[in-house]
Amino acid sequence: MAILKAGPAFYSYDLQVETKINIDDLIYIITPDDLPLLSGIGSDGLGVIGKAPVDQTEFFWLEEDVPLPRGTLLTAIASNATTSFVLSTGHGVRFAVGDAVRFSSEIVLVTAINTSTDTLTVTRGALGTTALATIATLTEAIGVGTVLAEGSIGSANFQGRDKYSNYTQIFSKKLTVSRTEQGIKKYGVPNELNKQMKNAMLHCNVGIEQSALYGIKFQDSATRIRSTGGMNAYITTNVNTSSPWLTVKTIEAQQQACYDKGGAFDYITARPAAFQALNNTTGNERVQTVTVDDLRRGRRRAQVVTTEFGEVQLVRNRYVRKTDAFCYSRDNVTQRVFQPLVVEKLAKTDDTDSYMMVGECGFQVKGQDHMAKFTGLDLAAVFPATETLV
């Protein structure tokens, strides 16, 4: 805010000097093509990731899901007398003593659970069903509720809370411009200091943007170095390593995987070329068909993908590797700001003005079970053939 002074002159002691300038909000004057995550706005008019303050250099969050009573059989059953059913890793905690669980046409009653080995001890052929001689590997285990005698009390499922953390990272750039350079008039550059300030701000924020994608959580207590983990570090559950293209089918398959775990993602960020198949005009995987009545008008690029699981917005990001795409939830990916990005004038040296641009932040990626990523995209591959949706 300008300071208004009466009279024809003002003096140096009238001015505010050595004041830190908070430029955190100035990030938004940079085009979203430069900072798709930090300054991008979705088709709904909201930012594509959240932002919140944090008051510690290491911050924590808890994740807790109610176990869904479904699983898969890890070891095949070869006899109708077998009473130990080994489930896939982590599936044992989804059931409780007293539960009735269906395997194919047979229902068994759970009498004991070993959560360290994911083994259910069961009573075979319950509720009038017949014990099967064989049950194949990966047969789905479907919990159909507790079956208790009148007056009995069932036991509880228990799954501990998962505790996650991340560090804040210091992002900084130094800017030095001589008084001579500031005074020389240049075509298209009215003020050299402002020009270099904008370049430094962009450079600093590109580092933050790329950390949001590929940063690694790390701290060295001896050197006091910290770095923040990004989406690639935290999204580890629903990973597609084989699909060369993003199509409605492959996206819907990832939505199904997230949905089965109790959540959903609403954004996909990738390079623009990774979205080509979504508006391919020749296959059933296309998002839209555009009739070109005017030869001067080409087809529109895909902005959203709508499936039975909801609408997913597409965020084009030049910093994503050409093999990758990240499927995330805006509400759960948050930039945690410890100190906003500021510019501070440093001590003057000779005929040179020096400034320091510095800020500190980290990223919280909560609910990674409900997010997904692609790591095997091949933008040189042949466009996908006609596909049947999930």
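This report covers an open sheet, a pocket and a nonpolar core in a predicted model.

**Sheet.** An open sheet is built from 6 strands, which run in the order S4-S9-S6-S7-S8-S5 with antiparallel pairing. Strand S4 (70-72) and strand S5 (84-86) are at the edges; each has a single partner strand, so one side of each is left without a neighbour in the sheet. From one strand to the next, the twist averages 40°. The partner of S4 in the sheet order is S9. Strand S9 covers residues 140-146 and pairs with S4 in the antiparallel sense over 3 bridges. Glycine 71 has alanine 141, in S9, as its bridge partner. Strands of a sheet pair through backbone hydrogen bonds.

Strand S17 (residues 310-316) gives the largest share of the lining, 4 residues. The lining of the second largest pocket divides by class as follows.

| Class | Lining residues, second largest pocket |
|---|---|
| Nonpolar | 9 residues |
| Polar | 6 residues |

**Core.** The largest nonpolar core has 39 residues, and those that touch the most other members are Leu37, Ile49, Met231, Tyr328 and Met357. Several elements supply at least two residues each to this core, among them helix H1 (36-39), helix H4 (231-234), strand S18 (325-328) and strand S20 (352-365). The largest share, 9 residues, comes from H3. In soluble globular proteins, nonpolar side chains tend to be buried together.

How values were computed: Residues numbered from 1 in each chain as written. Predicted model: local features only at pLDDT ≥ 70, side-chain atom pairs only at ≥ 80, totals over all residues. Heavy atoms only, no water. Pairing = 2+ DSSP bridges. Axes fitted to C-alpha atoms, helices over the stretch in contact; angles between N-to-C directions. Nonpolar A, V, L, I, M, F, W, Y, C, P; charged D, E, K, R; others polar. Core = buried A, V, L, I, M, F, W, Y, C linked by side-chain atoms within 4.5 Å. Buried < 20%, exposed > 50% of the residue type's maximum accessible area, 1.4 Å probe, protein only.
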